[in-house]
Amino acid sequence: MSTEPETTESAEPGKPEDAVRSGTPTDAPDAGRSDADGADAGRADAEDAPGTDGSPDTTGTTGADTSETSATSETSETSEPADTTEPAPAEGSPQLSEAEAELLAQKLERERIEQRKAEKKGPIASGTKLSGQAADLLAAVRAVESGEKPVAAVFAEPRPAPRRPAPEPVRRPQPAPAAPAPSDAPAPHTVDGVRRVLTEGSAPEALAPQVAAALGEGAEDLLREDPWQLLRVTGVRPEQADGFARALLGAECRPDDERRARAVTVWLLEQAALAGHTALELSALATALARQGVPDADAAVQATLAEGEALVFQDALDEPGARPGTAPSAPSPAPAASPAPSAAAGDGADEADAEGEQDEAEEERPVRVLVGLERYALAEESLADGLARIVNSLSKEPSPEWEAAAAAASGSTAELIRAAAGHGLVLHTGGEASRAEPAALLTVARGLGLRAVAACHTPGGRRRFAALLGAEDPVVTVPGLLAGTEGPGRDAEGALALDVLVVLDAPQLDVEGAAMIVESLPDGARLVLSGDPAVLWSAGPGRVFADLLAARTCPQVASRTPDPGPLRELVSGVGIGELNQVDAPGKEIVIVPVRDAGEAVHRTVQLVADSVPRALGVPPEDTVVITPGHGGAAGTRVLNAALKERLNPGPGRFGGFDPGDRVAYSPAPGRTVPGQVVGADAEGLHLSCADGAVVVPKERVEQAVRHGWALTAHQAVGSRWPAAVVVLPGDAAQALSRPWVYTAFGRGERHLSVVHGVEQALPRAVAEVTAKPRTTRLPALLRSQVPAAQ
């Protein structure tokens, strides 16, 4: 079984080099649609220009530049020379014997070593372990931030002409609520002013509302002063902003313009965030800047930091050459002591030398320098602080009631109850059937009189979990819980009024969402994060669940409840890298070979409209189609057009939609809510969704609503349907990975059809292509605050 959808969805956010390579080559008409991608929201439609868009490629630059991050060894000859010289005896004082003088020197040496050890136990001051450009960069930023020196005194560059303070570095215009207040939209005169500037610069006028929303009041003047601010709009690329700047500035437009350098730097960091990274290593960022035509990458980063549009960090690595989040190797054994002289003084000297060598070896511990946007840096630090508070605030007193409840359970359910009884933070892993274990935990907690709530990623997940409990009351969605529209509400101090929170679909938490949840929990609350670590990671930056699993700072309970049936057997094999042949006597799994994308579209429509309903009794509205991307010959756009023509033909009277159309509504980046069009009027497009009736304002329809018969895997994660048709056309081989296949194949409850046109690319992806790494700071932040769980 080897099949693959089109190469067009950045299905799994990638490495730093992929982050900056996969920007959005948006032509203006499609430039606002990324928010409607749901879980892919904000991602570029990589399918529209895969890999050849000219964006920077940072291949080979994922590691920090060793010349910038290598630690400097402090030698005994240069560190404290005054301590290593023998003090001259005062005039008239008794002369020391040779042995006494040697003992005194050894004592001073030991005191120096102890002093250095004590210093190492304290926090490492930023920049003290760096050399070269990295040290200069950090020192300059520290001096500016502390107020010791003005920017002009630190950076050896002429002060630019006075300009407006840079707006908050939140580049992507956030989708408005379904029914936004009038004040949320940019003022009409602001939009009109921006439209005039865009026209002068030969840019599409249709971008005016997005530009005005991104730049705020005074957008017209800001855009005239700095045309590269156009890069704040999702979908605009540097070469497009360059053309706009040339039209406005004429001969004043230069590649070395500091305004361009800063804007491109922030754009690259935002592209990295869209690919899942919370920061980029300095060397990777510098390489990407060079490939975007920035002549002086160091100056560009310095200017960006000086304007407060990005932050710089250094994280200590576990050992030389180790990557963050990897387990340190066992410490090397201390060198054997050489035969000591018979004198006691000789023993002391050998001991001092050994301690000094070990001490200097410790000083060679490397660090990496990272640059990131403020919003994600603060979210990650807030998340680490909040998790440390949750771990340390729960009373460690044993509870007979919890122990009795655990004794009444069995297997991994009992393990989960015991872990939650004595720990503020618990991680639980498993497939769909394992949800019965957190359901049992929730029942126990509520039976003990605790305020216990479960939160799911999607309305469909909430419905399935409520069915396990037999009650809707304690189950909410994560967005509803944070917005206050679902759940227990908040206490007088603003914390959630609960004692136990179980978060399902935990791999879908990005750093900002996870930070909001943790910050909202009161002291003494228990947090249980449960999910399947094999599915695709969050659409937003970070890999919170995977980072916590790797950090091992809290108990982890792996479910031993198997997922039954042929379909679950197939998906479980994919999770461990095996694409097995599975007996499916009830037609639970069907493989449909195809030769090209056109045949793939034809067979997909046939399956949804005819074959699956006839053979299994599953109506078309209960079948989901999953493909790797939105563009391409068999992407969601083409498939949805074909499915609409067959299942609900119509002229598309309401912005391309007709009553009865299945849609994917994206109320916010990273969220997809399935729904159906009910109608439209002056207020907007009326939808019927699992959360209830929704009215999407007409100006938001193009950005927030897509047809929804066919989805990407990121849009579908967290939800399940009775039947799933996974489309893998031949040109989608490069988009396949084990997490993508695992997620796509696992969306069907009773049936899976695979429209297969990728030959051996499917088994190869399952066996060899794992999740692409993301650069995050959470593991390092946790290690400094929470001890490893025993």
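Residues are termed buried under 20% relative accessible area, exposed over 50% and partly exposed in between (1.4 Å probe, protein chains only). The structure is a predicted model, in which local features need pLDDT of at least 70 and side-chain atom pairs count only at pLDDT 80 or more, whereas totals for chains, interfaces and linings use all residues. Residues are numbered from 1 along each chain as its sequence is written, and side-chain values use heavy atoms, with hydrogens and water left out.

Strand 7 (residues 500-503) directs Val500 and Val502 to one side and Leu501 and Val503 to the other, and all are buried; helices (H or I, at least four residues) and strands (E, at least two) are DSSP runs numbered from the N terminus. Pairing, for which DSSP must find at least two bridges between two strands, joins strand 7 in the parallel sense to strand 5 (residues 452-456) over four bridges. Within this pairing, alanine 455 has valine 503 as its bridge partner. Strand 8 (residues 526-531) also runs parallel to strand 7, with four bridges, and its arginine 526 lies opposite valine 500.

Contacts of leucine 527 (heavy atoms within 4.5 Å) include Leu387, Ile390, Leu501 and Val503, residues up to four places away in sequence not being counted.
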